[in-house]
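Subject: Structure for your review

Dear colleague,

Please find below the structure that I am handing over to you. I would be grateful if you would read the notes after it with the model open.

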Amino acid sequence: MRILPVATAIVVTGLLYMVVIERDTFDALVSGTAPDGDVADSLPAGAAAAAPATEDVPLTRVMAMVSQAREVDSAVVLRGETVASRQVDVRAETAGKVVNEPLRRGAKVAEGELLCEIDPGTRGTSLQEAQARLAEAKARLPEARARLSEAQAQEPAARAAILEAEANVPAAEASLAQARANVPAAEASLLEAEAREPEAEARLAEAKAMVPAAQAALAQAEANVPAAEAALAQALAGQPEAEARLKEAQARVREAEISLNANSKLNKSGFAGEIALASAQAAFESAKAGEQAALAGVKGAEAAIEQARGNIEGAKAQVQSARSQIESARAAVLSAESQIQNAKAGVESARSNIESARAAVESAKSRLEGARAAVSSAKAALEGATAGIESAKAGEENAQSGIQSAEAALATVNKDIQRLSIHAPFAGVLESDTAELGSLLQTGGTCATVIQLDPIKIAGYVPEQDVSRVHLGARAGARLVDGREMMGDVTFVSRSADPTTRTFLVELTIANADLSIRDGQTAEIAIEADGASAHLIPQSSLTLDDEGVLGIRTVDETNHVRFAPVKLIRDTRDGVWLSGLPDKINVITVGQEYVTDGIPVEAVFEEVVQ
């Protein structure tokens with residue numbers, strides 16, 4: 001068995017135990033200080049015996065510096081690049097050959113300066129043709145307006161004629177309506193008169209017919225009186241017979257009742273059977289029914305007597321009524337004969353009125369036809385005048401359309417001629433040569449690229465944790481890689497983050513009158529923000545605690561090490577600016593990685609060394 005690997009493993013395990021589990025004790029041993037009682041008790045017996053006494057171990061020496069907090073502007077620092085404030089590719093809006101000398105890249109151009117001139121070609125001829133068409137169209141307009149004025153002058157006379165003719169129509173229609181209204185009245189009078197004559201004759205015939213009917217009714221009524229008296233005598237004769245039948249039926253009921261009582265008693269004593277009892281009951285019921293029938297016969301006989309007496313009285317009343325009807329019928333005959341004479345006279349008068357009303361209707365129709373014919377003639381004249389106006393208006397509109405079309409064609413030619421000269425949209429510098437002399441520019445072809453560098457923009461991207469500290473109008477500075485520094489203002493802060501980097505675009509605007517700052521140069525940007533109290537500490541003094549928190553180690557009044565977490569404000573060439581610390585501190589600058597929190601040290605300050 002190999003002893004060396006086993007011994008090595010044991011030693012490594014012990015060292016790991018001391019470094020990880022007993023870190024404070026291990027650091028105390030390394031620095032020469034004695035561990036406290038608890039730590040000493042926890043050490044192995046050999047380790048505790050080997051540990052030297054506290055007064056014999058020297059303190060760990062560290063380098064430190066005294067730092068006083070200062071007020072610094074907590075600027076937002078980021079990197080960016082210069083960007084031209086404006087850049088455009090000036091393109092041709094028409095096609096043609098370039099006829100001017102080119103301008104070379106880098107040349108300064110003023111706003112509106114000519115960049116490219118295109119050969120006009122046949123555009124001059126097109127311009128003259130468009131001008132001639134416009135003059136021709138304008139010459140047609142006065143003639144069309146004269147025709148419209150003439151047509152419009154005829155319209156009022158035609159409308160006046162229509163009004164006059166239409167005014168005559170209502171009077172003619174009123175006369176016709178009145179005449180037609182008289183005809184039905186006359187015809188109604190005739191019909192009424194003619195209707196009266198048959199009615200009177202009918203009344204006469206009816207009155208004459210009523211006399212024999214009344215006489216026949218009298219004879220019938222007189223004949224009904226003996227018949228009614230005979231019926232009364234017959235009814236009186238039948239009454240004794242009905243009463244005799246009733247008495248006979250009542251006697252049979254008493255006989256049947258006695259028989260039923262006797263059979264019932266015999267049946268109870270056992271001397272008579274059920275059949276005899278049932279026969280007696282049936283006989284009793286039959287006798288009772290006969291009694292009821294006889295009683296009904298008596299009442300019927302009494303009713304027949306009363307009815308016969310009523311018939312006699314009615315027959316006598318009919319006789320009196322028939323005599324009155326005969327007298328009325330004779331008086332009606334005389335009245336009907338008088339009405340017939342009056343009806344015949346009314347018929348003749350109504351026929352005369354109808355002839356007069358029909359003649360008036362024909363005369364009114366003739367006047368109405370004449371008035372309507374005059375209206376139609378006047379409307380035809382107005383329609384002719386209106387058609388003339390519409391035709392004249394159409395001619396004027398055509399002339400106007402011709403003028404507008406010619407003006408549009410002329411404007412198109414002029415616009416095309418204006419596009420032959422391509423000018424700089426703003427003052428700047430040519431980034432490329434303008435189109436070469438003799439080259440053919442197509443529509444949309446590039447004449448030149450112009451950029452504007454005064455003022456110039458410096459663009460950078462600020463992290464999302466700092467974007468809330470950047471405001472529009474804030475003062476900002478920039479340093480180029482060649483060391484030049486310039487000042488400006490924040491003119492744009494994006495409200496939408498870059499989807500990849502989650503940063504926000506920020507732009508500064510800086511004066512660049514001499515154009516010494518070029519597009520695309522790298523720049524370090526510092527944007528002014530609210531001030532803060534901070535310490536300027538060497539970057540090498542930063543360390544991490546066991547939890548990974550960034551901070552520094554300091555020496556307190558009792559010369560013990562303390563860990564202080566910090567917040568990084570800015571990183572500069574001279575060191576880092578830190579906040580979150582007291583106003584005055586003793587910062588360990590050398591040896592901070594070899595000591596831990598709470599260990600006493602011997603601090604040697606840099607001012608003393610110097």
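This is a predicted model: local features need pLDDT of at least 70, side-chain atom pairs count only at pLDDT 80 or more; totals for chains, interfaces and linings use all residues.

Residues are numbered from 1 along each chain as its sequence is written, and side-chain values use heavy atoms, with hydrogens and water left out.

Disulfide

With a disulfide taken as a pair of cysteine sulfur atoms within 2.5 Å, the count comes to one. The bond is formed by cysteine 116 and cysteine 447, whose sulfur atoms are 2.0 Å apart. It links distant parts of the chain, since cysteine 116 is in strand S6 (residues 114–117) and cysteine 447 is in strand S10 (residues 446–463), 331 residues apart. Strands here are DSSP runs of E of at least two residues, numbered from the N terminus. The torsion about the S-S bond of cysteine 116 and cysteine 447 is about 95 degrees, so the disulfide is right-handed. Both cysteine 116 and cysteine 447 are buried (buried means under 20% relative accessible area, exposed over 50%, and partly exposed in between, with a 1.4 Å probe and protein chains only).

Strand S10 also contains proline 455, which is joined to aspartate 454 by a cis peptide bond with omega of about 0 degrees.

Largest pocket

The largest pocket has a volume of about 590 Å³. A pocket is an open set of points on a 1 Å grid over the protein atoms alone, where a 1.4 Å probe fits, with protein on both sides within 12 Å along at least five of seven lines; lining residues have an atom within 4 Å of a point. The volume is the space filled by probe spheres set on the points, which are joined across faces, edges and corners. Of the 25 lining residues, Val77, Arg479, Glu485, Glu524 and Ala526 are the closest to the centre of the largest pocket. Two or more lining residues come from each of strands S3 (76–91), S11 (475–480), S12 (485–493), S14 (522–527) and S19 (567–572).

The lining divides into twelve nonpolar, three polar and ten charged residues. Here Ala, Val, Leu, Ile, Met, Phe, Trp, Tyr, Cys and Pro count as nonpolar, Asp, Glu, Lys and Arg as charged, and the others, Gly among them, as polar.

The loop between S17 and S18

Aspartate 556 lies in the loop between strand S17 (550–555) and strand S18 (561–565), and counts as buried at 17% relative accessibility. Its side chain makes polar contacts with the side chains of threonine 558 (3.0 Å) and arginine 562 (3.1 Å). A polar contact is a pair of N or O atoms within 3.5 Å; within protein, one must be able to donate a hydrogen and the other to accept it, and residues adjacent in sequence count only if both atoms are side-chain atoms.

Asparagine 559 is in this loop as well. Asparagine 559 has a positive phi of about 65 degrees although it is not a glycine, and is partly exposed at 39% relative accessibility.

Arginine 502 and threonine 503

Arginine 502, in the loop between S12 and S13, has a positive phi near 55 degrees and is likewise not a glycine. Its relative accessible area of 44% makes arginine 502 partly exposed.

Threonine 503 belongs to strand S13 (residues 503–510) and is buried, at 14% relative accessibility. The side chain of threonine 503 makes a polar contact with that of threonine 501 (2.6 Å). Not counting residues up to four places away in sequence, threonine 503 touches Tyr461, Val462, Pro463, Ala497 and Asp498, where contact means heavy atoms within 4.5 Å.

Yours sincerely

Definitions and conventions:
Helices (H or I, at least four residues) and strands (E, at least two) are DSSP runs, numbered from the N terminus.
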